Amino acid sequence: MSRSLFNLLGIALIAAAVSMHSASVMIFFDPASLILVVGCATFFSLGSHGFDNFKAALAAGLSSAPVPRKLVEQHRIVLNSLRNSLCAAGALGYLIGTVLILSNLADPSALGPAMAVALLTGLYGLLLAELIVAPMSASLAVRESNDDETGSPATSSGASIGAP
């Protein structure tokens, strides 16, 4: 809980700093850039790990329940892949935005939107990777349980619970 609180405070601090220099934080919202980053990262991760593994890792990362030891490493691999894909999608968006800028140098009105794509995709990729996915991955290690894959406590064969 406290980690989430600190993440929210960090985001609030960023928003406050932006609002001190701008009339609205909405200038930092670009749907095309967001779709590019989230869409590419999601599809790249789905392509690497499949829908079931991706869905299970997200569910485990968002949950607060203990995670069986056998699944923690698998889920962390998927989430770290998503994290890397978000950063890569941000870099890809930066390159696309740069190409748009260079292809429209003769039209000054097209430079602003192209610059927004270039800069905001990197921002979105970094914020999502480090403020959302990285804490999800880290929380799995903290919530690791000694349970088997079904979530029930592991016991040795033939031993009863409570036996000395």
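**View 1. Arg-69 and its salt bridge with Glu-144**. In this predicted model, Arg-69 counts as partly exposed because its relative accessibility is 48%, where buried means under 20% relative accessible area, exposed over 50% and partly exposed in between, with a 1.4 Å probe and protein chains only. Arg-69 forms a salt bridge with Glu-144, their closest N and O atoms lying 2.8 Å apart; the term stands for a side-chain nitrogen of Lys or Arg within 4 Å of a carboxyl oxygen of Asp or Glu. Arg-69 belongs to helix H4 (residues 69–103) and Glu-144 to strand E2 (residues 144–145), so the pair ties together parts that are 75 residues apart in sequence. Helices (H or I, at least four residues) and strands (E, at least two) are DSSP runs, numbered from the N terminus. Glu-144 is likewise partly exposed, with a relative accessible area of 34%.

**View 2. The salt bridge between Arg-83 and Glu-130**. The closest N and O atoms of Arg-83 and Glu-130 are 2.8 Å apart, and because Arg-83 lies in helix H4 and Glu-130 in helix H5, the pair ties together parts that are 47 residues apart in sequence. Arg-83 is partly exposed at 26% relative accessibility, and Glu-130 is partly exposed with a relative accessible area of 32%. A search of the whole structure finds 2 salt bridges.

**View 3. The crossing of helices H3 and H5**. The axes of H3 (residues 51–62) and H5 (residues 108–142) come within 8 Å and cross at roughly 75°, the axes being lines fitted to C-alpha atoms over the stretch in contact and the angles running from 0 to 180 degrees between N-to-C directions. The two helices are therefore roughly perpendicular to each other, a class that covers 65 to 115 degrees, whereas angles under 35 count as roughly parallel, over 145 as roughly antiparallel and the rest as oblique. Leu-58, Ala-60, Gly-61 and Leu-62 of H3 meet Met-136, Ser-139 and Leu-140 of H5, contact meaning heavy atoms within 4.5 Å.

**View 4. The protein chain as the setting for these views.** The protein chain has 5 helices and 2 strands, which follow the pattern α-α-α-β-α-α-β along the sequence. Of its 164 residues, 27% count as buried.

Residues are numbered from 1 along each chain as its sequence is written, and side-chain values use heavy atoms, with hydrogens and water left out. In this predicted model, local features need pLDDT of at least 70 and side-chain atom pairs count only at pLDDT 80 or more, while totals for chains, interfaces and linings use all residues.
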